[in-house]
Amino acid sequence: MDDLLSEFLTETNENLSVLDVELVRLEQNPNDPELLSNIFRLVHTIKGTCGFLGLPRLEKVAHASENVLGKFRDGELVITPAAVSLILQALDTIKGLLAVLEATEAEPPGDDNDLIIRLNACAEGKLGGAPAAAAPPPPPPPPAKKEEVEVPSVSLEELEAAWNAAPGPSTALTPVQPEPEPEPAKELAVPEPDPVPAAASKMPVPAAHAAQSAGSSGDDVREAGNKESAVAAQTIRVNVDLLENLMTMVSELVLTRNQLLQILRSQKESEFAAPLQRLNHVTSELQEGVMKTRMQPIGNAWAKLPRLVRDLAHELSKKIDLQMLGADTELDRQVLELIKDPLTHMVRNSADHGLETPAERLKAGKSETGRVTLNAYHEGGHIIIEIQDDGKGLAIDKIKQKAIQNGMASEGELAAMSDQQIIQFIMKPGFSTAAKVTSVSGRGVGMDVVKTNIEKIGGTIEIKSQQGKGSTFVIKIPLTLAIVSALIVECAGERFAIPQISVVELVRAASDSEHTIERLKGTPVLRLRNRLLPLVSLQELLRLEDVEGKEKRADDETFIVVTQVGTYTFGIMVDRVFDTEEIVVKPVAPILRHIEMFSGNTILGDGSVIMILDPNGIASASGEITMGENAGKDTTTVQATRQEDKMALLLFRAGDGAPKAVPLSLVARLEDVDVAAVEMSNGLPVVQYRGKLMPLVPIDPGFMLGKEGRQPVLVFADGDRSMGLIVDEIVDIVEEKLVVQLTAERPGLMGSAIIAGKATEVIDAGFFLTQAYKDWFGSSQGSEAFEEEKSQRVLLVDDSPFFRNLLTPLLSVAGYDVTAVENAQEALALCEAGEDFDVIVSDIEMPGMSGFDFAETVRRGSRWQAVPLVALSSHATPRDLDRGRQAGFTDYVAKFDRDALLFALQQTLSEQKGAQA
Amino acid sequence: MSSNAKLPAKKTKGEEVVSGGSQDYVTMTIADQLFGIPVLQVQDVLGHQKITRIPLAPPEVAGSLNLRGRIVTAIDVRLRLNLLARPKDKPGMSIVVDLRGELYSLMVDSVGEVLSLSNEDFERNPATLDPRWREVSTGIYRLNGQLMVVLDVPRLLNFTNMEAA
């Protein structure tokens, strides 16, 4: 049977039972307004639901009864036993109809005009006192369905109709063999004399009353009554609090069970073993059962959305396609209730504010029909619900305006905010950007309530918006009540639980095992089946101190918990791994909720409290989200540390002579190329690398590739280009202060330096890059700031980490003290911080403030207004030069021309000195 | 009916406060200073407990512990009051309080008796009191020979404006 219908039957039957009792009480206390309004409300509910489900016959009867009750309530009618009886009759009719409905899933045809007429008459006050009521004896209450048959009197046609109307085959069962009883509707309406009213007036007991009122056709009412229980018996309503309690108790039982099993494990032979095993199983099943009572598919919360969106589309003249994915994702009933309204609200928002009108959409080059997508899925112990639309996205400008209007922020504050921060305003109370208040949204109560509701259940909400492309709201709700299986690990003497669901595998790494942890510039990585797995040290992440007295040696064995979050896989390094245990996730205290690393805490079998790690939190803390930016950040650090600081250098051998070195930060990857895979293109060796051809350049021009074997290659990359530098052998990575002592005459070498106690040739990566691609520098964006230490300090401003790394050593070699920053803002910050430079070298094309703007700002009365500025750009046309001079640049150098840059610096600085002298 | 029954009781209590009745406090010492917490807010008094440390938590949060199946957050009151940490060799005691359904264990040096104190001896915090103390205390009782600082549990456990304090 249709869920909705069966729920309706259960609920209405319940309401009817209540009504029976209440009506009788009303009869005895006609002046109790509370009682009366309760009755009125119940009947009203029945009427409303019938209308909703499309049950006109039931609705009419309920409606007529409601009218009478309304008059009672308003004091227009005196409550007389006769009137009450009439209403009770109406209720009986409803009961009878319900019984048929339950059996056939359809209302029986026919009508109850007679009853309705009398109800209406009563409402109009024409039904005098009790005797009057008795005089026109009401027809048998369930005239519609009448007769003693167990299966309601349904004609074949009716059955047919019911069959057709029925959604599934399951329905046909009951009325398979109804007595074909030709019973035209008219006949049904014929009133049969009935002693009811008289009896009713005396009768306080509803059950008896019902029986009586059924009169001669009482049997079928009884039947109806019996049948009504059929549905009612299958489901019972239980207070959610009771379930909640049950759940808590089961959780405790699970914990106690765990404790017992723990004790059992330590005892070799125990007579408790068998009963404990039994207890174990029963507990598990009980736990599962109780969990199930609370779980409901999220689709239940979505059921009303298609209708809502359809109506919205109609009202707003938009075309909207609502897609719902993952409707069967189950979540806790209570959580479901709490997110129902926020979800509805957000879908409404997306449809109303998010999606454009068809005309606007066509203009924007999108299809006429806008799409709202709802997607629900489980991820790492959380449920994620996404509400996505392909509309116009959030209007940052409007939000700004509104924020200023409402005094939430000043213009200055807004200017300093990122778009992401500005978007957050829509979650603030009293904020609505809808230009006009429509009937559906824009009342300024909204996202703040949504946010509060979601946070109340420990969830988070995240907004992504792209101008013109649409917006996405991501709701993340933790499964706070869940009992989950978790892996217990130890790190620095502390134990932690990791939800088993996100653990992919465990790897042991030690000096004597097949896996060892390698380090790339201090970052631990693990080779796992030909992939590099990024590792996170739990100890460092949680800032745990070493256990006293235990020095951690490098060759100590480490366990790596390979963890997956979404599509991101990483390893968590821990000291020890214990077994898995069923745990009850309990939320952490409010004062600890800001720590993203934990999703909760629990009590283990041995009675100790343990924190549950949140893989999502670890992933984001370890840089999964910022991965794209990491490269940039790291190199900035390298540069910001200036020359006194150490630099990671990659040592290798190539050709004869001294070992060679290159700053590690320049090298994108180290690869081993199979020589057989090397092809020749345009007379140069190339290799297919990540779907592209990568030129290979030997350090020694006379170098010949062997015929087979593997060749180590240093891969340099910038943007989408890469080149491989062929070397003989990679020796080591060292951290050294790079002081280039001898300037080499040989192309491709920057000079020599003492590295790891040996004279080492520092190669000039730039030279080899231009060997591979003549226009390498022209194609890439880069900016550089140099400082010269000896006498001159150079500030290098360039957004490309690659060029900063390239030019920093180059200029250092030439004797400058270089400070590199990645954008104009940082440079200006240095200016404000009181730093002084002799010359500034700046890139032109930079995100945010361009080189031109930077120069103008510097020249417009900053502390640096007299400092010479050298522009560095891949565009060196006369027009660019002019523009640069206008902006205030002293000189303008093409980016790929190192000699010109050095020359320009020299010129500029000597001129400067001359001017000062 | 039951709600009606409660009302007069409340009133009586309120009158008591006004008319100079008395209040019951659980006393405790921290660094030789006497403190008090209204007895009705106290759930439990514990001896030394095994505590699980919580990484990344504020320093005042000593960790969490298992109290008959409930997880209780332990707060080192000394650190909360800007005092030095308790020497490691002294075991200390804890008072468990309930704040909005969450249990917290306040770690103190020792727990004393329950005192019934007259409202006449109550005084507001001196304006010159250490700001951190003033923030977490509702007032002072003048006792025979010493002063007792009344701790305001909600404020003691409100860590959000701690930075400002």
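# A first look at a two-chain predicted model

Residues are numbered from 1 along each chain as its sequence is written, while chains are lettered from A and ligands numbered from 1 in the order in which they are written.

**Chain A and its confidence**

- Chain A contains 31 helices and 36 strands; these are DSSP runs numbered from the N terminus, with helices being H or I of at least four residues and strands being E of at least two.
- Confidence in chain A is highest in strand 18 (residues 609-613), at 90, and lowest in helix 24 (residues 627-640), at a mean of 33.
- Residues 128-155 of chain A stay under 50 in pLDDT, and the model gives them 103 contacts beyond four places in sequence; two residues are in contact if their C-beta atoms, placed from the backbone, lie within 7 Å.
- The pLDDT is also below 50 over residues 777-790 of chain A, a stretch with 76 contacts beyond near neighbours in sequence.

**Burial and nonpolar cores**

- Of the 917 residues of chain A, 40% count as buried, meaning that 20 or more other C-beta atoms, placed from the backbone, lie within 10 Å of the residue's own.
- Among contacts in chain A with a separation of 6 or more, 66% join residues 24 or more positions apart.
- The largest nonpolar core has 75 residues; such a core is a set of buried Ala, Val, Leu, Ile, Met, Phe, Trp, Tyr and Cys residues joined through C-beta atoms within 7 Å.
- Ala497(A), Ile498(A), Leu613(A), Ile75(B) and Ile95(B) have the most contacts inside this core.
- Leaving out residues up to four places away in sequence, Leu613(A) touches Phe496(A), Ala497(A), Ile498(A), Met597(A), Phe598(A) and Ile618(A).
- Another core, of 72 residues, lies apart from it and includes Ala820(A), Val821(A), Cys831(A) and Val867(A).

**A sheet in chain A**

- Six strands of chain A form an open sheet with mixed pairing, in the order 10-14-15-13-12-11; two strands pair if DSSP finds at least two bridges between them.
- Strand 10 (503-509) and strand 11 (517-520) of chain A each have a single partner strand, so one side of each is left without a neighbour in the sheet.
- Strand 14 (residues 558-565) and strand 15 (residues 568-574) of chain A run antiparallel and are joined by seven bridges.
- Within strand 15 of chain A, Thr569(A) is the residue opposite Gln564(A).

**Strands of chain B**

- Strand 1 (residues 22-30) of chain B is antiparallel to strand 8 (residues 110-118) of chain B, with seven bridges between them.
- Gln23(B) has Leu117(B), in strand 8 of chain B, opposite it.
- Strand 1 of chain B also runs antiparallel to strand 2 (residues 33-38) of chain B, through six bridges.
- These two strands form a hairpin with two residues between them, and Ala31(B) in the turn has a positive phi of about 50°.
- Ile30(B) has Gln33(B) in strand 2 of chain B as its bridge partner.

**Where the chains meet**

- Chain A gives 20 residues to the contact and chain B gives 17 residues.
- Strand 4 (61-67) and strand 5 (70-76) of chain B are the elements that give two or more residues to the side of chain B that touches chain A.
- Strand 4 of chain B supplies the largest share of that side, four residues.

Methods
Predicted model: local features only at pLDDT ≥ 70, side-chain atom pairs only at ≥ 80, totals over all residues. pLDDT = per-residue confidence, 0-100. Buried ≥ 20, exposed ≤ 12 C-beta atoms within 10 Å, placed from the backbone.
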